[in-house]
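User: Please go through this structure with me in questions and answers. I will start with the surface.

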Amino acid sequence: MKPEKLIEILGTASKLKENTRHSWLANGRRESVAEHCWRLSLFAYFIKDEFKDADIDRVIKMCMFHDMGEIFTGDIPSFYKTKSDEKSENELLFKWVSSLPSAYREELTDIFNEIQENKTIEARLFNALDKLEAAISHNEADLDTWIPLEYTLNPEYGYEQCLFSPYLRELKEKVKQDSLDKIKKENK
């Protein structure tokens, strides 16, 4: 890849460091999309022993690239995101992907399609981890950053995506209990 194209790609990707999410960090600062993607990638790496039948390198790529569309749209929390928002984000994402050198364009197109189809172990694992990471982030943030619907949403968020794996179900139960404990502690 020519240096100019690489610098252009990195410049575009830098928007993920600038775009913030609905989530807050424990220190009271809003989380960037890039920070979410980084920790999600770390999450996938550290559970590889639990999923020996999955291509964890592919899952890590899904974690790294899944929110690239938010470069163009910013973060729209899942509970506010409409089908129209998703369509717009995907159109902008695939327009950007089409500008990449062919090997990268083909691989990322395959990855994004796999995530959307959610049929492979890798895509299912990625989708579960994405939800769990968001719930864990919420548990780490001050409760005063939660909006009212998150008191019921956060304990259950990602439950359905974790059903396919005993390990993920156990992890989800721990994350759920952490949410409930946080709410209970704050309500005392």
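This is a predicted model: local features need pLDDT of at least 70, side-chain atom pairs count only at pLDDT 80 or more; totals for chains, interfaces and linings use all residues.

User: Which order do the elements follow from the N terminus on?
Analyst: The chain has eleven helices and two strands. Read from the N terminus, the order is α-α-β-β-α-α-α-α-α-α-α-α-α.

User: What is the radius of gyration of the chain, and what does the globule rule give for 188 residues?
Analyst: The C-alpha trace spans about 60 × 35 × 30 Å along its principal axes. For 188 residues the globule rule gives 16 Å, and the chain is close to that, so it is as compact as a globular protein of that length. The radius of gyration of the chain itself is 17 Å.

User: Among contacts between residues at least 6 apart in sequence, what percentage join residues at least 24 apart?
Analyst: Buried residues account for 41% of the 188 residues. Of the contacts between residues at least 6 apart in sequence, the share that joins residues at least 24 apart is 65%.

User: Which residues does Leu-129 contact, leaving aside neighbours within four places in sequence?
Analyst: In general, nonpolar side chains of soluble globular proteins tend to be buried together. With neighbours within four places in sequence left aside, the contacts of Leu-129 are Leu-40, Phe-43, Ala-44, Ile-47, Val-59 and Leu-168.

User: Is Glu-31 buried or exposed, and what is its relative accessible area?
Analyst: Glu-31 is in strand E2, residues 30-32. Its contacts beyond four places in sequence include Arg-21, His-36, Glu-133 and Ser-137. The cut-off for buried is under 20% relative accessible area. Glu-31 is therefore buried, at 3%.

User: How far apart in space are Ala-141 and Leu-25, C-alpha to C-alpha?
Analyst: Ala-141 lies in the loop between H8 and H9 (150-156), and at 1% relative accessibility Ala-141 is buried. Not counting residues up to four places away in sequence, Ala-141 touches Trp-24, Leu-25, Ala-26, Trp-146 and Lys-182. Ala-141 and Leu-25 are 116 residues apart in sequence, while their C-alpha separation is 5.3 Å.

User: What separates the C-alpha atoms of Pro-77 and Arg-21?
Analyst: Pro-77 sits in the loop between H5 (70-73) and H6. With 16% relative accessibility, Pro-77 counts as buried. Pro-77 and Arg-21 are 56 residues apart along the chain, and their C-alpha atoms are separated by 7.5 Å.

User: Which phi value does Asn-118 have, although it is not a glycine?
Analyst: Asn-118 is placed in the loop between H7 and H8. At 33% relative accessibility, Asn-118 counts as partly exposed. The phi of Asn-118 is positive, about 55 degrees.

Technical notes. Residues are numbered from 1 along each chain as its sequence is written. Side-chain values use heavy atoms; hydrogens and water are left out. Helices (H or I, at least four residues) and strands (E, at least two) are DSSP runs, numbered from the N terminus. The radius of gyration is taken over C-alpha atoms; the globule rule is 2.2 Å times the number of residues to the power 0.38. Buried means under 20% relative accessible area, exposed over 50%, partly exposed in between (1.4 Å probe, protein chains only). Contact means heavy atoms within 4.5 Å.
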